[in-house]
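Morning, everyone. Please bring the model up on your screens. I'll keep this quick.

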Amino acid sequence: MKISQQKNGILISAPEDFSLRNTFDCGQCFRFNEQEDKSFIGVAFGKPVCFSEEENGIYIDNITPDEFNEKWLKFLDFERNYKIIKEKLSVDETMKKAIEFGGGIRILRQEFSECVISFIISQQNNIPKIKKAVEGFCRLFGEKISYMGNDYYTFPRIETIKNITVSDLEPLKIGYRDKYIIDAIEKLNSGFLNCDELEKMSYKDAKERLLKVHGIGNKVADCILLFSLGKFDAFPTDTWIKKAMMELYGVDEKNIEKYSKANFGEYSGFAQQYIFYYMRWNKAK
DNA sequence: CACCAGGCAAGCC
DNA sequence: GGCTTGCATGGT
């Protein structure tokens with residue numbers, strides 16, 4: 001993998017274990033969307049960017065080399081060797097197939113506040129509606145930025161939304177989740193939920209803290225731990241994973257936690273994403 | 001009209 | 001502790 005400056009962005013030559021569709025469409029993030037020309041446009045770190053697969057590598061438009069090194073390298077998890085992870089996980093035939101299918105997945109290190117709010121919205125909801133609600137949230141409270149002829153909205157900084165109320169969220173049509181969002185914003189703003197602090201804590205301790213937020217339960221906490229805090233021993237268990245673990249491994253709902261810990265261990269989060277993506281795209285009704 | 005969607009809190013025992 | 005039920009909203 002080699003980074004070089006090109007046009008108005010940077011080119012990643014010969015990226016390994018990374019595909020745009022696998023990474024942005026595997027359900028871990030909600031604000032990167034495939035365009036007609038197969039590129040992906042998303043907003044992160046306060047600005048829209050465009051990823052495209054070109055013959056000599058992956059081009060990211062609208063970022064500087066400094067921004068790439070300081071933020072996007074970590075966001076894209078490019079410093080991790082996925083070959084080792086895949087090798088460690090390839091101990092059963094199901095996982096081998098899942099890795100073959102979604103081998104271009106990288107687990108994004110998403111911005112904390114956005115991850116918290118997005119996954120609270122995600123509960124008992126479907127992906128198109130989640131994406132629409134998160135987008136609407138940014139449209140209501142974020143900053144508008146024009147890019148390539150369209151308007152994009154940043155995810156608002158937490159200080160700018162600390163005084164919003166349940167009624168401000170009414171246009172989003174997120175039902176009973178509205179009060180959960182308000183509680184989370186309050187705890188993000190007060191420092192009760194602090195990204196730097198939680199990152200340094202163990203999986204268990206960080207989870208305990210997250211569970212104190214009204215609206216964050218076992219599954220949502222695991223998503224935040226995995227997709228924003230780098231706790232790869234998390235194995236988020238939703239309806240799809242329950243179905244997949246039963247069908248593919250014969251593991252009952254109540255034994256999933258025990259099974260993943262014993263068989264996937266410190267790579268549980270990666271295993272979960274390979275299984276989730278494999279299940280959703282092959283078994284989707 | 002049912003039933004479901006990347007679950008959760010509250011109320012039972 | 002574990003198990004059950006109600007929950008907002010939109011889609012099928």
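Which residues surround DNA strand C? They are Gln124, Lys173, Gly175 and Tyr176. A residue is near a strand if its C-beta atom, placed from the backbone, lies within 6 Å of it. By class, that surface has one nonpolar, two polar and one charged residues. Ala, Val, Leu, Ile, Met, Phe, Trp, Tyr, Cys and Pro count as nonpolar, Asp, Glu, Lys and Arg as charged, and the others, Gly among them, as polar.

Ground rules. This is a predicted model: local features need pLDDT of at least 70, side-chain atom pairs count only at pLDDT 80 or more, and totals for chains, interfaces and linings use all residues. Residues are numbered from 1 along each chain as its sequence is written, while chains are lettered from A and ligands numbered from 1 in the order written.

Now DNA strand B. It is surrounded by 23 residues. Gly27, Gln123, Asn126, Gly217 and Val220 are the closest. Two or more residues each come from α10 (218–227), α11 (239–249) and α13 (268–282). Helices here are DSSP runs (H or I, at least four residues), and strands likewise (E, at least two), numbered from the N terminus. α10 gives the most, four residues. The classes split into eight nonpolar, 13 polar and two charged.

Last, the hairpin. β7 (residues 144–147) and β8 (residues 150–153) pair antiparallel over four bridges; pairing needs at least two DSSP bridges. Isoleucine 145 stands opposite tyrosine 152 of β8. Two residues lie between the strands, and methionine 148 takes a positive phi near 50°.
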